[in-house]
Amino acid sequence: MAKPNEPFRVIEAESFYDEAEKKVRVRPCPDGIYPTSLHVECPREMRDTKRYPLGTRFLIRVKLTDREGSKDFLYSYHAWPYEVL
């Protein structure tokens, strides 16, 4: 990860349909510590609308990071547990 000094945090996030990319994504909830414009890289099952409808909120552990040449995003390891709110 490109931001080794960033702490891991537990945040509330929600699923939504991203019109620009034509797919379901996860973003931080409004009024949290991160802007809703950040995308969350998370377990695929959290984006499965057969399992969780759009707008489902989750409590997840994340870290702010980036990849070389790309913008910031929040990373949540696929094997970490999460809570459905």
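**Entry 1: a first pair**

Which residue in β4 is the bridge partner of I11? I looked it up, and the partner is I60. Before going on, I noted for myself that this is a predicted model.

**Entry 2: the list of elements**

Next I went through the secondary structure. I found 6 strands and 0 helices in the chain. Reading from the N terminus, I wrote the order down as β-β-β-β-β-β.

**Entry 3: the chain as a whole**

I then looked at the overall dimensions. Along the principal axes, the C-alpha atoms fill a box of roughly 35 × 25 × 25 Å. How does the radius of gyration of the chain fit a compact globule? A compact globule of 85 residues would have a value near 12 Å, and the chain has 12 Å, so the two agree.

I also checked burial, and 36% of the 85 residues count as buried. The chain exposes about 5500 Å², and carbon and sulfur atoms supply 48% of that area.

For contacts, I took those between residues at least 6 apart in sequence. Of these, 54% join residues at least 24 apart.

**Entry 4: β1 and its two partners**

I followed strand β1, which covers residues 8-18. With β2 (residues 23-28), β1 pairs in the antiparallel sense over 6 bridges. One position I picked out there is A13, which stands opposite P28 in β2.

Strand β1 also pairs with β4 (residues 57-65), again in the antiparallel sense, over 7 bridges.

**Entry 5: β4 and its other partners**

I stayed with β4 and asked what else it touches by bridges. Strand β5 (residues 73-75) runs antiparallel to β4, and 3 bridges join them. Here T65 has F73 in β5 as its bridge partner.

Strand β6 (residues 83-84) is also antiparallel to β4, with 2 bridges between them. For F58, I found V84 in β6 as the bridge partner.

**Entry 6: K22 in the hairpin**

Now for the loops. The hairpin of β1 and β2 has 4 residues between the strands. K22 is found in this loop. Its phi is near 55°, a positive value in a residue other than glycine.

Is K22 buried or exposed? Exposed means over 50% relative accessible area. K22 has 54%, so it counts as exposed.

I moved on to the loop between β2 and β3, where D31 has its place. Phi of D31 is near 70°, which I marked as a positive value in a residue other than glycine. D31 counts as exposed because its relative accessibility is 83%.

P35 is found in the loop between β2 and β3 as well, and β3 itself covers 40-41.

One last distance went into the notebook. P35 and D66 are 31 residues apart along the chain, and their C-alpha atoms are separated by 15 Å.

Methods. Residues are numbered from 1 along each chain as its sequence is written. This is a predicted model: local features need pLDDT of at least 70, side-chain atom pairs count only at pLDDT 80 or more; totals for chains, interfaces and linings use all residues. Side-chain values use heavy atoms; hydrogens and water are left out. The radius of gyration is taken over C-alpha atoms; the globule rule is 2.2 Å times the number of residues to the power 0.38. Buried means under 20% relative accessible area, exposed over 50%, partly exposed in between (1.4 Å probe, protein chains only). Contact means heavy atoms within 4.5 Å. Accessible areas come from the Shrake-Rupley method with a 1.4 Å probe; for residues, only the protein chains shown count as cover. Two strands pair if DSSP finds at least two bridges between them.
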